[in-house]
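Student: Could we go through a structure together? I would like to start with the chain as a whole and then turn to details.

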Amino acid sequence: MLLKLVWNKIWHKRLSSFLCILLMGIGVAIISLVANLSKQLEGNFSKSISGIDMVVGAKGSPLQLILSSVFHIDAPTGNIPLSEVNNLKRNRLVKTLIPLSFGDNYRGYRIVGSELSLLKHYQAELNEGKLFKEDLEVVVGSYTAKVLELKIGDSFESSHGLDSEGETHEEKAYTVVGVLKPTNTVLDKLILSNLESIWHIHEHEGETHEHEDHEVTAALVKFRSPMGLMTIPRMVNENTSMQAALPSIEVNRLFQLFGTGIEIMKYLAYLIVLISGISVFISLFNSLKDQKNEKALILTLGASRTKVFTQLLLEGLLLSFIGYFLGIILSKVALFSISKLLSETNFTEINIWQFGTVEIYLLIMALLIGIVSAALPALGIYKVNISETLSRE
């Protein structure tokens, strides 16, 4: 009964109530969105660079090298001689080295030449078919296979470059021999083959090369001990034609660039939530002021001041809770839109249904703001002089 009475009152002054709910919703939505997005992006980035101590590639931007070779979301800095990569691989401080070679795509999805050790690094397993062994055989990531509707035995011709509108290699076709299970890594959105396939596709008719004369795009390196991390990057940068980039440093630098914007958005959201609390306070204060005669009449009819106080307090709580609920919905809708955008650009996956401690803290914050904002004007009910108020009427 009391809840129904409070709801009818909220509906009666729906314009001001809607403003309170909207402000609370926008503030909660921004805080939830920023917190979830930054947490998931940081987690996905950390997962992608796990087990990779160093990346070597052509000289240029270290961040570009990491983004192109680890996350596959940027153009590569160039190619490097396979002979230099193999010399690095033989270094006693290097535990594993995974060469990568790319430069072609099929309908916008990258074709990456590598070794089976790349699949092992990401703990990938076959869903069906077999692993690539011969030239022009490919294994397709789960997401790519689903979007492009590729299945075992299908053949396709690649396009030069990373743009789906590039020149097509019509004389040579790849054949799908395997499809991977979902790994929640970059492999899900790649097409994988051996290195020889990439070289074969780009050799002109009648042209042959010795194995060591070939080039690759980059290599993912893991060291045996911290000594490798301390000495090899500098050695590579100073004594070879290659560039060494450290994923952990570049990713931290990337998040530092985003960090300022994220903090500004959080402060803006907290300000909006505070304004929402003030609007609840003003709404209830004006309500108590404008309806003082009504409240006095209710008190004379037997209602206790505590009951009226509870009614006003419940009104503030209900406004805040509805605002919180609206904010969570807005946050999930925004996350869904961002997830679709990132998915289309092969960036990363965002779980829109992930709930964490931030949602719990936001609920507590919203309810506290509702309680405080409602309690301050509601305390005025204890100051209402019934006889004086009714005599004015």
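Tutor: What follows covers the chain, one serine and the cavity. This is a predicted model, in which local features need pLDDT of at least 70, side-chain atom pairs count only at pLDDT 80 or more, and totals for chains, interfaces and linings use all residues. Residues are numbered from 1 along each chain as its sequence is written, and side-chain values use heavy atoms, with hydrogens and water left out.

Student: What does the secondary structure of the protein chain come to?

Tutor: The protein chain has 13 helices and 13 strands, taken as DSSP runs (helices H or I, at least four residues; strands E, at least two).

Student: And how much of the chain is buried?

Tutor: Of its 393 residues, 47% are buried, meaning under 20% relative accessible area with a 1.4 Å probe, protein chains only.

Student: Now Ser 320: where is its place?

Tutor: Ser 320 belongs to helix 11, residues 305–344. Ser 320 counts as buried because its relative accessibility is 1%.

Student: Which residues is Ser 320 in contact with, neighbours within four places in sequence aside?

Tutor: They are Met 24, Ala 366, Ile 369 and Gly 370, contact being heavy atoms within 4.5 Å. For Gly 370, the backbone nitrogen lies 3.3 Å from a polar atom of the Ser 320 side chain.

Student: Changing topic, which classes make up the lining of the largest cavity?

Tutor: The lining has eight nonpolar, two polar and no charged residues. Among the lining residues are Ser 69, His 72, Tyr 122 and Leu 220.

Key:
On a 1 Å grid over the protein atoms alone, a cavity is a set of points where a 1.4 Å probe fits but cannot get out, and a pocket is an open set with protein on both sides within 12 Å along at least five of seven lines; lining residues have an atom within 4 Å of a point. Ala, Val, Leu, Ile, Met, Phe, Trp, Tyr, Cys and Pro count as nonpolar, Asp, Glu, Lys and Arg as charged, and the others, Gly among them, as polar. Buried means under 20% relative accessible area, exposed over 50%, partly exposed in between (1.4 Å probe, protein chains only). A polar contact is a pair of N or O atoms within 3.5 Å; within protein, one must be able to donate a hydrogen and the other to accept it, and residues adjacent in sequence count only if both atoms are side-chain atoms.
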